[in-house]
Amino acid sequence: MKQANLLVWCQLILFALMVVGIQVFESQSSTTIGAVGMGLIVLGLVIGLLAMRDYRHGAGDSPNVSPEPKTSVPLVQTGIYSRIRHPIYTGVICIALGAGLAHGHPVVLLIALAFIPFFTYKSLFEERLLQQQYADYCAYMQHTGRFLPLKF
């Protein structure tokens, strides 16, 4: 699927921009904001690792970078997935925001903030595909948050 491949490429470019921004721009973070950023990085790593573990346990397979669902795996609704539909995206967003805060340069912060609309769009695209593949996905959406364990 063309759009799915484009989203994967955009994600890789966004990661690359973040790495380049951290390397090119001088860090400007204060100690307090840097500590908050490091805390977000740790939180993102924990969420991401839990999500990968729970996905592997529930699906018997590793997560897919592409937003296209794997046709051979069941819908994972256990562990962290019982509260958050896209916990890996949540982890990546936390890590990006944490890195942006820890670094502190405005350009790096802007790149970090770009992860939020990007993963929002990618998750909406993915959810359309998941609704087509899994009859119970709409019901699952009713009791789980997209990125946080809260319904808005």
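**Close-up views of a predicted helical protein**

**View 1. Six aromatic pairs turn up in a search of the whole structure.** Rings of Phe, Tyr and Trp (its six-membered ring) pair if their centres lie within 6.5 Å; planes under 30 degrees apart count as stacked, over 60 as edge-to-face and the rest as tilted. Tyr55 and Tyr81 form a tilted pair, because their ring centres are 6.2 Å apart and their planes stand at 55 degrees. The pair links distant parts of the chain, 26 residues apart. Tyr55 sits in helix H2 (residues 31–59), and Tyr81 in the loop between H2 and helix H3 (87–103). Helices (H or I, at least four residues) and strands (E, at least two) are DSSP runs, numbered from the N terminus. Tyr55 is buried at a relative accessible area of 13%. Tyr81 is buried too, with 7% relative accessibility. Buried means under 20% relative accessible area, exposed over 50%, partly exposed in between (1.4 Å probe, protein chains only).

This is a predicted model: local features need pLDDT of at least 70, side-chain atom pairs count only at pLDDT 80 or more, and totals for chains, interfaces and linings use all residues. Residues are numbered from 1 along each chain as its sequence is written, and side-chain values use heavy atoms, with hydrogens and water left out.

**View 2. Tyr89 and Phe119 pair across two helices.** Their ring centres are 4.8 Å apart and their planes are at 40 degrees, so this pair is tilted. Tyr89 belongs to helix H3 and Phe119 to helix H4 (residues 106–133). They are 30 residues apart, and the pair links distant parts of the chain. Both Tyr89 and Phe119 are buried. Ring pairs also join Phe15, Tyr89, Phe115, Phe118 and Phe119 into a cluster.

**View 3. Val92 in helix H3.** Beyond residues up to four places away in sequence, Val92 touches Phe15, Phe115 and Phe119. Contact means heavy atoms within 4.5 Å. Tyr137 is 45 residues from Val92 along the chain, and their C-alpha atoms are separated by 23 Å.

**View 4. Thr90 in helix H3.** Thr90 counts as buried, at 6% relative accessibility. Leaving aside neighbours within four places in sequence, its contacts are Ile47, Ile84, Arg146 and Phe147.

**View 5. Leu129 in helix H4.** Leu129 is buried, with 14% relative accessibility. It touches Met1, Pro67, Glu68 and Pro69, not counting residues up to four places away in sequence. Val65 lies 64 residues from Leu129 along the chain, with 14 Å between their C-alpha atoms.

**View 6. The whole protein has five helices and zero strands.** Along the sequence the pattern reads α-α-α-α-α. The C-alpha atoms fill a box of roughly 50 × 30 × 30 Å along the principal axes. Of the 152 residues, 41% are buried. Among contacts with a separation of 6 or more, 77% join residues 24 or more positions apart. The side chains include 10 positive and 7 negative ones, and the centres of the two sets lie 4 Å apart. Lys and Arg count as positive and Asp and Glu as negative; His and the chain ends are not counted. The place of a charge is NZ of Lys, CZ of Arg, CG of Asp or CD of Glu.
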